[in-house]
Structures are given as structure tokens and as C-alpha cells.
Amino acid sequence: MSNDASRRRDVTVADVAKAAQVSKAQAARALGNYGAVSDDVRERVLAAAEELNYRPNELARSMNTGKSNTIGVVVGDIENPHFGLATRGITDTAKKSGFNVILVNTDEDTAAEVDAVKVLLDKRVDGLIIAPASSVDTRHLEGVHKSGRPLVLLDRKAPGLEVDTVAVEMEAISHESTRYLIQEGHSRIAFISTIRTDEPYFAGLPLESSQISDRRDGMKRAFEEAGLPQPEDLVRLNAGGPESIKKITRELLQQPDPATAIIASDGLIGLSVVEAIQDLGLSIPDDVSFLMYDDFAWTRLTTPPLTVIAQPVYEMGVAAAEALIRQIQGRKAPVAIPEFSATLVRRGSVGARPNRGGIPVN
């Protein structure tokens with residue numbers, strides 16, 4: 001290893017002070033931008049720091065100032081474009097205010113989320129933005145809130161936890177989209193989600209995600225208003241990777257009384273559902289209608305373009321970051337957190353209910 005590399009790695013405040021011919025205390029104040037330092041000393045210290053390629057010890061700085069200029073973000077699945085876009089909104093906003101972001105993925109596992117929160121608090125992040133894996137098991141989030149650490153919830157609610165929450169009202173859009181399918185003649189409407197449960201779905205099954213619970217309630221209300229029984233046998237939870245989703249899709253479409261429409265709860269599920277429908281040699285919407293949550297570029301490039309429930313995901317990330325930074329800086333919010341709503345974008349993937357029986361197994 002070269003001496004230059006070693007020097008870059010090991011440069012300290014004392015090294016900078018020696019090079020600038022000032023005391024260590026003066027160098028520390030100039031580098032940390034605090035306390036009284038003359039312009040001459042500041043210029044000499046900063047010039048020496050640049051010459052030596054000095055990098056500040058952020059942990060030591062945070063211990064001295066109580067601030068790390070870092071935000072912790074915890075999401076369920078960074079592979080899901082929904083969270084990717086929200087995180088982009090967070091990071092863009094944080095950067096403008098001088099904050100860095102540490103992102104942690106939990107794979108929608110509450111135990112992993114608890115560990116992630118501990119790690120981020122140990123790293124002395126100034127605040128946390130969390131998309132909780134569970135809207136029910138929130139003891140660790142209650143602990144963060146009671147400690148006074150700034151906290152904002154993203155995408156999911158946690159009833160009883162009085163913190164800023166940035167989320168779309170899902171019950172209303174679920175009701176609207178289900179009613180749209182029913183008006184097209186569909187009564188065998190399937191819903192696929194990755195939410196984890198210990199048992200297969202049944203009416204009244206407690207769901208730990210506020211998002212999925214609200215979507216279920218919206219669907220239920222639409223069926224009740226139409227005087228139709230909700231096809232509970234077509235609600236499929238615990239969807240895993242692509243092969244699991246394809247298997248679920250085949251089961252829904254090949255049973256004696258098959259689904260005539262499918263709703264996918266996110267874009268990753270949607271991709272696999274569309275692929276499974278194509279693998280079966282079926283046509284959208286002639287054989288089966290389809291809609292999904294979230295609007296991404298690829299949904300407009302399929303044939304036909306897909307009907308989607310569009311959410312202002314980037315804007316939600318921006319709002320979450322702004323709310324958290326206000327808390328960190330001790331500023332009162334000038335107005336309430338904006339309310340976000342989703343929009344049903346009707347394209348070509350929903351049609352009239354097909355007049356057919358079960359689909360033959362290949």
C-alpha cells in the first residue's frame with residue numbers, strides 16, 4: 001500500500017492543525033464550522049484540509065454536536081418500484097437540505113424492521129422514515145416516538161401512533177376500481193397480494209397492513225352495494241416470487257369457476273400475472289380483465305396498455321422527507337401534511353366479462 005493511500009486514510013484534525021500551524025482546537029472549530037475562528041485561521045485550515053484530503057469523522061462529529069445530518073429510511077421491498085420511486089423523492093428532498101440517507105430493506109418482516117431501527121438509532125440518525133411492515137405490531141415505533149426521535153410513517157398507517165403519516169386513502173380507490181369491474185359484468189374478481197398471513201384468506205381475517213386491509217374493505221363495499229357476494233375464494237395472499245405468482249394466477253384461471261378479472265396489489269405482482277396470462281395463451285381483456293396498483297412506464301407499453309391505479313409516489317416521498325426535516329429542525333409545520341389520493345387510469349386491459357367456462361389445463 002502506498003504512503004499516499006495511508007496518509008489519505010489516516011489524516012486527523014491534529015494533522016490538519018499542524019499543517020495549518022494552528023492549535024487543534026482552532027482547527028476543529030474551523031472544520032466543524034462552530035465557535036469563534038478568524039478568517040485567516042479558517043482559510044489556512046481549509047486549505048490544509050484540502051491539501052491533505054482530510055475526511056471528517058462523522059461519528060465523532062455527531063457525538064459532539066448531537067446531529068449526524070443523516071436520515072434513516074426503512075422500506076419493505078426495495079425491488080418494488082413503488083418504494084424505489086418514494087425513496088427517490090426522499091433522497092432528492094434530503095439532499096437539498098444537507099441530509100444524507102441510509103436505506104434499509106426489511107423484506108416486509110417485522111423482526112427485520114425492529115433490527116433495522118436499532119441499527120439506525122445506533123448510527124445516530126437524526127430521524128426515521130418507515131413504511132411499517134405491520135400496522136398492528138408497532139411497539140418498536142412507539143418506543144422511537146416516546147424517545148423524542150423524529151419519526152414519519154410512509155405508505156402505511158399505524159392506528160394509535162400519533163405521528164406524521166404520509167399515505168394514500170386506499171379504501172375509496174379500491175371501491176371505485178372494483179365497482180368499475182362490476183359494471184363491466186365481472187363478479188369473479190381476484191385479488192393477489194404479497195402480505196404474509198399464517199392461514200389462507202377468509203372473511204374477516206385480520207390483516208396487519210393498513211394498505212391491504214383498506215383495499216379489502218373497499219372491494220367488500222363495492223360488492224355489497226351491487227348486491228353480490230364477494231368471491232373470497234379468489235383473494236390470494238402470501239404471494240412470493242415470480243413463480244409463486246404465476247402458479248397462483250394459473251390456479252385462479254383454471255379452476256371450474258375461474259376469475260374473469262384480476263387485481264394485482266403492486267407492479268411486481270402485475271408483471272408476473274401478465275406473463276402467466278400470456279403463457280396460458282389467453283388474451284387481455286378478451287379472456288380476462290386486469291388492473292394493478294401503481295403506474296409505471298412499462299404499463300403503457302403492453303398490448304393493450306394496462307389499466308392502473310396511479311399513486312403520487314414520488315410526491316409522497318418528498319412530503320415524508322419535508323415533514324421529517326421540519327421535525328429535526330424544530331420547525332412547526334405551516335400547514336397539515338397534504339392528503340394524497342390515487343387515480344383510476346382506464347386504458348385497455350379491462351373489458352366486458354367473457355362468456356366462458358373454466359379454462360382447460362395445459
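Modeller: Two strands are taken to pair if DSSP finds at least two bridges between them. The structure discussed here is a predicted model.

Biologist: In which sense do S3 and strand S4 pair, parallel or antiparallel?
Modeller: Strand S4 comprises residues 151–154. Pairing requires at least two bridges, and three bridges are found between S3 and S4. Within this pair, Ile129 stands opposite Val152 of S4. The sense of the pairing of S3 and S4 is parallel.

Biologist: How many bridges join strand S1 to S3?
Modeller: Strand S1 covers residues 70–75 and runs parallel to S3. Ile71 is placed opposite Gly127 of S3. The number of bridges joining S1 to S3 is four.

Biologist: Are the residues on the faces of strand S3 buried or exposed?
Modeller: In a regular strand, side chains alternate between the two faces of the sheet. In S3, which covers residues 127–130, Gly127 and Ile129 lie on one side, and Leu128 and Ile130 on the other. Both faces are covered, and these four residues are all buried.

Biologist: Which strands stand at the edges, each with a single partner strand?
Modeller: The open sheet is formed by six strands in the order S7-S6-S8-S9-S10-S11, with mixed pairing. Each edge strand has a single partner, so one side of it has no neighbour in the sheet. The edge strands are S7 (235–236) and S11 (343–345).

Biologist: Which residue in S11 stands opposite Ile309?
Modeller: Strand S10, residues 307–310, is joined to S11 by three bridges, and the two run antiparallel. In S11, the residue opposite Ile309 is Leu344.

Biologist: Which residue in S10 does Leu291 stand opposite?
Modeller: Strand S9, residues 289–293, is linked to S10 by three bridges, and this pair runs parallel. Both faces of S10 are covered, with Thr307 and Ile309 buried on one side and Val308 and Ala310 buried on the other. The residue in S10 opposite Leu291 is Thr307.

Biologist: At what angle do helix H11 and helix H12 pack?
Modeller: Two packed helices are described by the angle between their axes and the distance between the axes. H11 spans residues 242–254, H12 spans residues 267–279, and their axes are 8 Å apart. The two helices are therefore oblique to each other, and their crossing is right-handed. The angle between H11 and H12 is about 55°.

Biologist: How do the residues of the contact of H11 with H12 divide?
Modeller: The H11 side of the contact is made up of Pro242, Ile245, Lys246, Thr249 and Leu253. They meet residues of H12, including Leu268, Ser272, Glu275 and Ile277. The residues of this contact divide into eight nonpolar, two polar and two charged.

Biologist: How do helix H3 and helix H4 cross, and at what angle?
Modeller: The axes of H3 (residues 24–32) and H4 (residues 39–51) come within 9 Å. Angles of 65 to 115 degrees count as roughly perpendicular, so H3 is roughly perpendicular to H4. The crossing angle of H3 and H4 is roughly 80°.

Biologist: Is Ala17 buried or exposed?
Modeller: Ala17 lies in helix H2, residues 13–20. Leaving aside neighbours within four places in sequence, Ala17 is in contact with Val22, Ser23, Lys24 and Ala27. Buried means under 20% relative accessible area. Because its relative accessibility is 3%, Ala17 counts as buried.

Biologist: What is the relative accessible area of Thr87?
Modeller: Thr87 is located in helix H6, residues 81–96. Beyond its neighbours within four places in sequence, Thr87 is in contact with Val75 and Leu103. Thr87 is buried, and its relative accessible area is 12%.

Biologist: Which residues does Tyr201 touch, not counting residues up to four places away in sequence?
Modeller: Tyr201 is found in the loop between S6 and helix H10 (210–225). With a relative accessibility of 13%, Tyr201 counts as buried. Not counting residues up to four places away in sequence, Tyr201 touches Arg216, Glu232, Val235 and Leu237.

Technical notes
Residues are numbered from 1 along each chain as its sequence is written. This is a predicted model: local features need pLDDT of at least 70, side-chain atom pairs count only at pLDDT 80 or more; totals for chains, interfaces and linings use all residues. Side-chain values use heavy atoms; hydrogens and water are left out. Axes are lines fitted to C-alpha atoms, for helices over the stretch in contact, and angles run from 0 to 180 degrees between N-to-C directions. Angles under 35 degrees count as roughly parallel, over 145 as roughly antiparallel, 65 to 115 as roughly perpendicular and the rest as oblique. A crossing is left-handed if the near helix is turned anticlockwise from the far one by less than a right angle, and right-handed if clockwise. Contact means heavy atoms within 4.5 Å. Ala, Val, Leu, Ile, Met, Phe, Trp, Tyr, Cys and Pro count as nonpolar, Asp, Glu, Lys and Arg as charged, and the others, Gly among them, as polar. Buried means under 20% relative accessible area, exposed over 50%, partly exposed in between (1.4 Å probe, protein chains only).
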